[in-house]
Every structure is written in C-alpha cells, then in structure tokens.
Amino acid sequence: MLHPTLKRLALLLGAIFLVVGAQAQMARTVTLTLNMASVPDTTNADGLIEVRGAVKGVAPITLSDGNVIDWSAESTLEAQHMGGDYWQLQFQIADTTELTFKFFSQQAEDNGVNGWEADPNPVIMPGAADTTLPLHFFEAQSEWHGVSGDRGMYDWRPFASKMDSVAVWYRVAMFGAEADADEYDPGANVPDQQVGVRGARLVNPSDTTVTGPIDWGTSDVILERESTNDSAPGYRIYSGVAYYPAALAGQTQPYKFVLETVSGGTPATAWEEGRLTGNREFTVPATDTTLHWVYYGDSPPNPTLPVQSNIVFGVNLEAFETIRLFDPARQDTLWVFGDFNGWQNCRTESPDDCFMQKVPGGTDFAAAVVIERPPGIELGYKYFLDFNDEAFQTEFNVPPPSGWEEGHLTGINRRFEFAGIPGNQILDLAYFNDVTPQNLMLDGSSTEITFSVNMDSALTNPAQPFNPSAGDTVSVRLGDPIWAHTQGIDGTDHDIPLLDRVVLTDDDADGMYSGTWTVSGPSYNILTFKYMYGQNGTYISESGSDTRAPGRNRTHFIPKNADGTWPTAYTLPAATFKIDPGPLPYETNPYISTGIEQADQIPENIWLGTNYPNPFNPTTSIEYGLDHQAKVRLDVFDMLGRRVATLIDGVQQAATYTVTFDASHLASGVYIYRLQTPMQSITRRMLLVK
C-alpha cells in the first residue's frame, strides 16, 4: 500500500503537471457514492476504500487534479467515510477521458474476504459535463445472501425499492459476550433459532393509525445470515429489510435485536442487553437507507477468539560479535523460542517460525512469525544462540555454553502483549541478554568483585539449616552460562556453582560472609547469580521468582569510572540470604533503562524485478528479493483486476528468489504481477503474446 506521504507527493507532482502541461484539456468532476453494507464482513469507518482502474486501458495515469489511478495500491483515489455504511469520492478527469474502474477494500482483503469487486468494471465515458453516478452497493466476490459476483446494473440494491415505502436495512453481528450469554449457536438455523428485530409501532400523522413494520410483541422482521460459509465472517452476521410507509419519515423508531430459540418445543426470546443502555433508535428517512452494523448488545467480539498477525522480532548482536561470542562466519545461528511456537521444538518442527535472519549491513537479526492467538494475551519468549559446536570448540578449546538468554532482567522470559492487528506487530529492537556495546569489558579489563551476604536467616532454615560449624560453606551460583564461559567456567549447564572459585568466609563472626573474585575481559559487566550454602553435594540456593517476573536471580552491574574505564575493584551491595520464595533484589541495566534499547525498528524492504523474457509465450521468470524473513504473496492479475494465479504465499527467509509463471492457459494480453508483504506492495506489468 502506498504510504500516505508518498500519495500526497504524487498529488503534488500531478498538480504541477496539470499547471504546466495540461492546460488544453477541460476538467470535469466525478462524484461516486458507495455503500459497504453488502460486504459479508464488519467494515470499519477507518478502513481503506479505494477506486482503482485505468484510462483507456492504460495505468497508472495521472488525472486532471493530480490524482493517480492504477490497478494497484499506487492509486490515490481514496473514498472518504460519510457515516454509517456510506463512502464518497470526488475527483477530476479530462473531458476526453474514458475511465474504467472498480472499488477495492483493503480491510476486506486483510480479513480474508476478497477486496476486489466482482466484474464487470464500470466505465465513465468521455463527456463535457460533471458526472455523478447513482449510489452503488459494493459487489462482493464472496457469497452474500446467497449471491456472489456481478449483481447486474451499477445501481443495484440488496432490496427492492417500493412506491410510497422507505426501505431500511437492519444489520447485526452476533459476536461477543452478549451473544454468548444469550446462548447464540452459530450452527443453528430457522426454525430452531432466528434473529429478529422488534420495536415500537409508529403513528401515521396523516390518519393517526398505528403502523410500521416492527412491533415489541412479535418479530415481524426476521434477519438472514449473510453467508452460508461457516468460516466466513458473514456466517455470524444477520441482515434484512423492513419497509416503512413514506408518511412515517422523520419519526423516531425505537428498536432492539432479539434472539429467538426453540428448546424442547418451547420458544424463548432473549433481548440484547450487554453494553446496550436502553433502546436503539433512528429517524425514519425519506429515502431508502441502511443502518450501519452493530454488535449484538454492543458487546465486541469475545477476546478469547483467536486472530492471526505477524510478530516481528528483532535483536542486536553487536556486543556479542565484538568479543566473538557470536560469529555468523562460524555458522552460529540465532533463534526465537516462545509460548507461540513450541519453544525449542520449533527448531525441528517448524524452523520458519523461529529462525532469525541477519539484516544485511549490520548486526541486527529479525524474524517475522505468524501467530494466531486471542488479542490481549501475553506471550513469553527468549532468544537463543545456537553455537556451531565443532567450530566453537576449535576456536576456544572448550565446548560452547548453553545459548539461552539468562542475563535479561535477572534471567526471566521476555514478554509481549499480542495485539492481534492486521499486518505486522513490530517489537522494539532488543539487545541479546541485554548486553549493549556500553556493557562490554574488552580484553585487558579486569575488576575484583567483593561479594558479601548475611547468613543469619539461613541458620533457622527449616528445610536445611545453615551449619558452619559442621562444615557448611557459602558460595555463589551463576545464572548466565554465556557470561560464565567468558570467565573460563564451563557454561554447558544453566546452573553453575562456583564452589571451587568463590568461597565466602566470616572472619569476624558477625554473620556477614565475604569473598572476592576477579572478572576479566573480554566479557560484559552484568553479574547474574544467587547465594548458596552447603557441603558434600547437598546445597541450598536462594529461590528467586519464576520466569515470569524479575527477581529470578540477583543482578548487579559493575559501574564504570568517570572516564569510561572499568574500576580495578568493586564491592557489591551487602545482601541478606533469602530463604523464602519470591523475587531477589536486582538492578536494571543503566544502558537499557536510559532508552538505548529503543533502537530503530527492524526495517523491511522488498524488491521486484522485471520478468524475463517480456513479452513472453507461454512462460516467464520473475525475480524478487527480501532483506529479512517475511510473509510473502506473489499474485498475477489480468487487466480487469481478476487474480489469475498465486505464485507464492507463505513465509520466506531473506534472499533473492526466482519463480516461473506458466500462462499457457491464459489469453494474450497485459497482465499485472504484484509482490506483497504485510507492510509493502510492488506491482509490475508483463505482456503475453501467443
């Protein structure tokens, strides 16, 4: 889809062209009005509705007012929402212009309903006068009330227009908590279940008779499903027409939707309530109209209903590449594992859902993962370094450490809230393990760390009392295997007791145990650990929190000197051994909390080459490329906007691809091919000559 800024630029350039080069043609104004009530979906007021098309078969073309019309998203003819189901668009064309067009709904396309209207394409012929076409109902290609495709004349109606009567189209979406509370069954049909409209009878002002199509006591207006396809949105949307005597125009009509069911032969009527306060109402119009769809009981869709969206994960490995803990040339790889892809099982079962691709020209890695979950749900995940075992051991003479992130916020899982939005939900670019370049201790740097912990609380630990007189010792258990590796410690396990490295002693018998250990670069300044005590293989460690809340480990950061160097010695804050479960004290990374982690979002870029050969008969090759993993679709359309082939539809890694298009079943002519990701779209033409 063309970015709004680019569309404005196109308009400006077109206007300049109009001034300097198109003075000879006379412009006329075209007015189009569209009604979206005929789409089997819940079209929103902020949805993108465009007019797309061509001038005498040629597109893109710049029109008299600077707008661009094309069969792709390059078109700038965007309809404006006028309220309810109604949209309108005005633009100018030359008096010699013959314009072929269609309406296109991006929201329908994003929601899995074909966004293009059915054939044939309306045509505006050349002429000198301004042109205002009659109201047009969107001609959905998908089934709507048993009909799909061409509905006939441009001014078709989903209902019959009658003399001396006004048609009012009612529409309700049976999603949400109120529909569930009233025991709506999507699979039930008339007579077991029906959706109706009830309301007040109105008084005819001309003869004072009580009249009108609806009544509070009975459902005289029964609505029908918009689609018989149980996987389509229209399966749970009901609509239908009521006819009002023309004399009732201007009166207020109170009404409500009702759900009528039959259970065991006994009928029951449920009235919509939910978030609805009082009755619904509208003013009876003087002309036929549609009432914009509403949720039953004004209750939006149940938040537990899953939706599909792309989550774009991004992580920066500059620090790890700088000190050679990660090296793509060594064939080390990066993955994202979480609640949404089966964690580590994803690597063998569906690697496209967890493998992270290096973004060219930097140290960023990204993955676009298709997730289907209820909106608002919180999901946990971690990044994982998969070191090339053989190459790593050859370089460092030791096995590689466990590659799980354990330095991020004390070792907990990362978390995000699934928004369930169309397209991409892009997460902030993170640093692996929260290690930024500012956290690095380069080769030659070293700091002597002093640990100190009061052990009095452990003396009465009912699980295993601390008993120094019996030989119990106090030590440190590391929680970050990768950091342990930088200190020459075996990091192949998650928990690393430093019994032979750090022993804390209480030399003055005051209950405070202290000891030192020297941290040497190349490494980073993040200390992730717990205190522990015991002997002979039986040890008690502080519990900490689980993977959902900070405090799983103690985390402290060696601070830099004022000149940016690392201190020769640093004493950690005095601690008290914590025997009860719960979060441990921790510090936050000063280089993250100041906003450094708010790096630029992962860029997305795609390119689409010219097919070769062109013209072709009957096959041609199309080349395209991605700069990082994304969900990709490559379609071919004819000049009427009909999709004639889908060449690619799925998630692909960053690379250059070539696909062959076989048009042996198609007629000669110009065809459009479009490469599309959730964030971008590129369109080109090719010519088939037989």
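This is a short tour of selected residues, in the order in which to select them.

The model is predicted, so local features need pLDDT of at least 70 and side-chain atom pairs count only at pLDDT 80 or more, while totals for chains, interfaces and linings use all residues. Residues are numbered from 1 along each chain as its sequence is written, and side-chain values use heavy atoms, with hydrogens and water left out.

**Stop 1: two cis peptide bonds**

Select Asp 119 and Pro 120. The peptide bond from Asp 119 to Pro 120 is cis, with omega near -5°. Pro 120 sits in the loop between helix H2 (106–110) and strand S9 (123–124). Helices (H or I, at least four residues) and strands (E, at least two) are DSSP runs, numbered from the N terminus.

Go on to Asn 614 and Pro 615, which are also joined by a cis peptide bond, here with omega about 5°. The loop that holds Pro 615 runs between strand S42 (606–608) and strand S43 (619–626).

**Stop 2: positive phi**

Select Gln 331. This residue is not a glycine, yet its phi is positive, about 70°. Look for Gln 331 in the loop between helix H4 (318–322) and strand S24 (333–338). Is Gln 331 buried or exposed? Gln 331 is exposed, at 57% relative accessibility. Buried means under 20% relative accessible area, exposed over 50%, and partly exposed in between (1.4 Å probe, protein chains only).

Now select Thr 410, another non-glycine residue with a positive phi, about 75°. Thr 410 belongs to the loop between helix H6 (389–396) and strand S28 (414–417). With a relative accessible area of 1%, Thr 410 is buried.

**Stop 3: a histidine in a helix**

Select His 485, in helix H7 (residues 481–486). His 485 is buried, with a relative accessible area of 11%. Which residues does His 485 contact, leaving aside neighbours within four places in sequence? They are Leu 325, Phe 392, Phe 396, Val 398 and Pro 401. Contact means heavy atoms within 4.5 Å.

**Stop 4: a charged patch**

Finally, select Asp 456, Asp 507, Asp 508 and Asp 510, which form a patch of negative charge on the surface. Patches are made of residues with over 30% relative accessible area and no salt bridge; like charges are joined within 9 Å, and nonpolar side chains (Val, Leu, Ile, Met, Phe, Trp, Tyr) within 5 Å. A salt bridge is a side-chain nitrogen of Lys or Arg within 4 Å of a carboxyl oxygen of Asp or Glu.

Keep Asp 510 selected: its loop lies between strand S34 (496–497) and strand S35 (512–520). Asp 510 is partly exposed, with a relative accessible area of 43%.

Methods: Areas by Shrake-Rupley, 256 points an atom, 1.4 Å probe, with all protein chains shown as cover. Lys, Arg positive; Asp, Glu negative; His and termini not counted. Charge placed at Lys NZ, Arg CZ, Asp CG, Glu CD.
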